[in-house]
Amino acid sequence: MKALFGILALGIGLAHAADMTILHYVDQDPGDPPYVTRILVTPDFMRMDSGEDAGDFTLLDRQRRVVVNVMRDSKLAMVFAPGVLPPKPADWAPRLEAGEAVRGGRRFTLTLKDVVCSEGIAVKHAMDAARAMGELKSILAATQYRVWKESPPDMRHDCDLANQVWNVDATLTLGVPLEEREFTGRSRKLESETRQPVDPALFRVPEGMTEINAPS
């Protein structure tokens, strides 16, 4: 999580990309109503938003390895870069298992100390999108660890470290999730996948934003 000079010029270099992959998910957090997450992926960028071009969004620059969280109303661009993670415990041994074939993909479980941290169905399709998701989670891993460390002890769980810190791309190596459910009850379901011509404006931080370095 660091600021880079020229961050407001993100999007340069997109001209060579002919199209982009668009994934629409329905996500849901425990006790909250479901909401839409749109993910746009090119070889150089990934954007996550609520489906509105003019709304807030999170932008991953895959070449610079930086993530920018754009908040339009407050005119802030929170900039994240990779931080340093502590070493894994000596007994850290999560287990990823791919099971039966279903709906064009395979069921999977990520288990740690007999607790299922994540389970669902992944399909080996749009693999570059799966890689981009893993790249974003990897950049944010140090921040996720800091949040976990600063949380009250009774709110910490080793599965948080598996899903968000040390094994962030484990399930994504199996492909794009068709559906996924974490131990917290948070769920995700893929509604559609399409490809469209790239709109470079969607991958630029709007002018007039104030950059803030997020701690890592």
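A cavity is taken here as a set of grid points where a 1.4 Å probe fits but cannot get out, and its lining residues are those with an atom within 4 Å of a point. In this predicted model, a search of the whole structure finds 1 cavity of 30 Å³ or more. The space in the largest cavity amounts to about 40 Å³, and its lining is made up of Leu110, Ser118, Lys137, Asn163, Asn167, Val168, Thr171, Glu180 and Glu182. Sorted by class, these lining residues comprise 2 nonpolar, 4 polar and 3 charged residues.

Open space was examined in turn. The largest pocket holds about 1000 Å³ of space, and of the 39 residues in its lining, Met48, Gln144, Gln164, Arg186 and Arg188 are the closest to its centre. At least two lining residues each are supplied by strand 2 (35-41), strand 3 (45-49), strand 4 (57-61), strand 5 (66-71), helix 1 (127-150), helix 2 (158-166) and strand 10 (176-182), with the largest share, 7 residues, coming from helix 1. The lining of the largest pocket contains 18 nonpolar, 11 polar and 10 charged residues.

For the second largest pocket, the volume is about 170 Å³, and the lining consists of 14 residues, among which Arg107, Glu119, Gly120, Glu179 and Arg181 lie nearest the centre. Strand 7 (95-102), strand 8 (105-112), strand 9 (115-123), strand 10 and strand 11 (187-197) each contribute at least two residues to this lining. Its composition by class is 2 nonpolar, 4 polar and 8 charged residues.

The largest nonpolar core contains 24 residues, of which Leu23, Tyr25, Ile39, Met46, Val67, Met133 and Val176 touch the most other members. Strand 1 (19-28), strand 2, strand 9, helix 1 and strand 10 each provide at least two residues of this core, and helix 1 gives the most, with 7 residues. When residues up to four places away in sequence are not counted, the contacts of valine 176 are Leu23, Tyr25, Ile121, Ala122, Val123, His125, Ala126, Ala129 and Ala130. A second, separate core has 14 residues, including Met20, Leu40, Phe45 and Leu59.

The aromatic rings of the model form 4 pairs. In one of these, phenylalanine 45 and phenylalanine 203 adopt a tilted arrangement, with 6.0 Å from centre to centre and 35° between the planes. This pair links distant parts of the chain, since phenylalanine 45 belongs to strand 3 whereas phenylalanine 203 lies in the loop between strand 11 and strand 12 (210-213), 158 residues apart. Both phenylalanine 45 and phenylalanine 203 are buried. A further tilted pair is formed by tyrosine 145 and tryptophan 166, whose rings are 6.1 Å apart from centre to centre, with 40° between the planes. Here the link between distant parts of the chain runs from tyrosine 145 in helix 1 to tryptophan 166 in helix 2, 21 residues apart. Tyrosine 145 and tryptophan 166 are likewise buried, and together with Trp92 and Trp148 they form one aromatic cluster.

Notes. Residues are numbered from 1 along each chain as its sequence is written. This is a predicted model: local features need pLDDT of at least 70, side-chain atom pairs count only at pLDDT 80 or more; totals for chains, interfaces and linings use all residues. Side-chain values use heavy atoms; hydrogens and water are left out. On a 1 Å grid over the protein atoms alone, a cavity is a set of points where a 1.4 Å probe fits but cannot get out, and a pocket is an open set with protein on both sides within 12 Å along at least five of seven lines; lining residues have an atom within 4 Å of a point. Grid points are joined across faces, edges and corners, and a volume is the space filled by probe spheres set on the points. Helices (H or I, at least four residues) and strands (E, at least two) are DSSP runs, numbered from the N terminus. Ala, Val, Leu, Ile, Met, Phe, Trp, Tyr, Cys and Pro count as nonpolar, Asp, Glu, Lys and Arg as charged, and the others, Gly among them, as polar. A nonpolar core is a set of buried Ala, Val, Leu, Ile, Met, Phe, Trp, Tyr and Cys residues joined through side-chain atoms within 4.5 Å. Buried means under 20% relative accessible area, exposed over 50%, partly exposed in between (1.4 Å probe, protein chains only). Contact means heavy atoms within 4.5 Å. Rings of Phe, Tyr and Trp (its six-membered ring) pair if their centres lie within 6.5 Å; planes under 30 degrees apart count as stacked, over 60 as edge-to-face and the rest as tilted.
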